[in-house]
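Please keep the sequence and the model in view while reading.

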Amino acid sequence: MASIELKSVEKWFGEAQVIKGVDLVIEEGEFVIFVGPSGCGKSTLLRMIAGLEETSRGQILIGGRDATAEPPARRGLAMVFQSYALYPHMSVRDNMGFSLKAAGVPKPEMDAKVDEAARVLKLEPLLDRRPKDLSGGQRQRVAIGRSIVRDPTAFLFDEPLSNLDAALRVEMRYEIAKLHQSLKSTMIYVTHDQVEAMTLADRIVVLEAGRVSQVGSPRELYERPGNLFVAQFIGSPK
Ligand code: ADP
Ligand code: MG
């Protein structure tokens, strides 16, 4: 079954239509990357999938269920933000367990989930630290860890690495690739970084002015760029 399906999705901000009829099927376990020029609607589309923006028209299905009108908390998705927004006064363990605690999950189960996420993300030695005693990359991993503990249907990332320096970006790109391999979860990832898109994506969705202008594997886009933007983004001749 498709993990996430968009059917004729539109978004209007007042008189302005910023998403103009998007149809897209994302399979379970797929790593899909949204690219496109600044202002083309990448973040808006991602936020609509997350439920942080209302869908003006069309439908969003999650695991076959019509989730168009569901609030974010009921969609079972994890949105990983660019800014880490960790609680400064809490340890890494408490930051990672916070949402489970708030949902009334019993402590033994919560500890087990946090331990498992810490293992996957190699955060075990850091569980007792506070965010201020972590590096940028470690904080980013804690932010991801906070979502993993909730066993989300899919992870949504909006330019998660754009605040990081070049070396750390390379390291985190590798971490995210490993995470996808080990969790096998659906991931939707917005980036303007060509290398991230080419190395992480199963499929790349190119958006232009609120419409999907091309969808394909990195190889397909490289070999047959559908327009100048894709050709320039991918760096292939056209
Ligand atoms: P991207 O992430 O691709 O750079 P966005 O999704 O942030 O693009 O924005 C798409 C368009 O929608 C832009 O023209 C932006 O100005 C507009 N937009 C985004 N959020 C709002 C909002 N809350 N109110 C009005 N216009 C918005
Ligand atoms: Mg954006």
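The structure is a predicted model, in which local features need pLDDT of at least 70 and side-chain atom pairs count only at pLDDT 80 or more, while totals for chains, interfaces and linings use all residues. Residues are numbered from 1 along each chain as its sequence is written, and chains are lettered from A and ligands numbered from 1 in the order in which they are written.

**Strands**

Helices and strands are DSSP runs numbered from the N terminus, with at least four residues (H or I) for a helix and at least two (E) for a strand. Two strands pair if DSSP finds at least two bridges between them.

An open sheet is built from six strands in the order S6-S7-S8-S3-S9-S10, and its pairing is mixed. At its edges lie strand S6 (77–80) and strand S10 (211–216), each of which pairs on one side only. With direction ignored, neighbouring strands of this sheet are turned by 20° against each other on average. The angle is taken between axes, which are lines fitted to C-alpha atoms (for helices, over the stretch in contact), and runs from 0 to 180 degrees between N-to-C directions.

| Strands | Bridges | Residues opposite each other |
|---|---|---|
| S9 (residues 203–208) and S10 | five | glutamate 208 and arginine 211 |
| S1 (residues 2–13) and S4 (residues 57–62) | five | glutamate 5 and leucine 61 |

**Helices**

Two packed helices are described by the angle between their axes and the distance between the axes. The axes of helix H3 (residues 92–102) and helix H5 (residues 136–148) come within 7 Å and cross at roughly 35°. The contact involves Val92, Asn95, Met96, Phe98 and Ser99 of H3, together with Val142, Gly145 and Arg146 of H5. Residues are in contact if their C-beta atoms, placed from the backbone, lie within 7 Å.

A residue is buried if 20 or more other C-beta atoms lie within 10 Å of its own, exposed if 12 or fewer do, and partly exposed in between. Val92, Arg93, Asn95, Met96 and Gly97 of H3 are buried, and the buried residues of H3 pack against helix H4 (107–120) and H5. After H3 comes glycine 104, with a positive phi near 80°.

Lysine 184 follows H6 and has a positive phi near 55°.

**The core**

A nonpolar core is a set of buried Ala, Val, Leu, Ile, Met, Phe, Trp, Tyr and Cys residues joined through C-beta atoms within 7 Å. The largest such core has 60 residues, of which Ile33, Phe34, Leu156 and Ile188 touch the most other members. Strand S3 (residues 31–35) supplies the largest share of this core, five residues.

Leaving aside neighbours within four places in sequence, isoleucine 188 is in contact with Ile26, Val32, Phe34, Leu46, Ile49, Ala154 and Leu156. Isoleucine 49 is found in helix H1 (residues 42–50). This residue, isoleucine 49, is buried because 25 other C-beta atoms lie within 10 Å. The C-alpha atoms of isoleucine 49 and leucine 156 are separated by 8.6 Å, although the two residues are 107 residues apart along the chain.

Note on methods
Contact = placed C-beta atoms within 7 Å.
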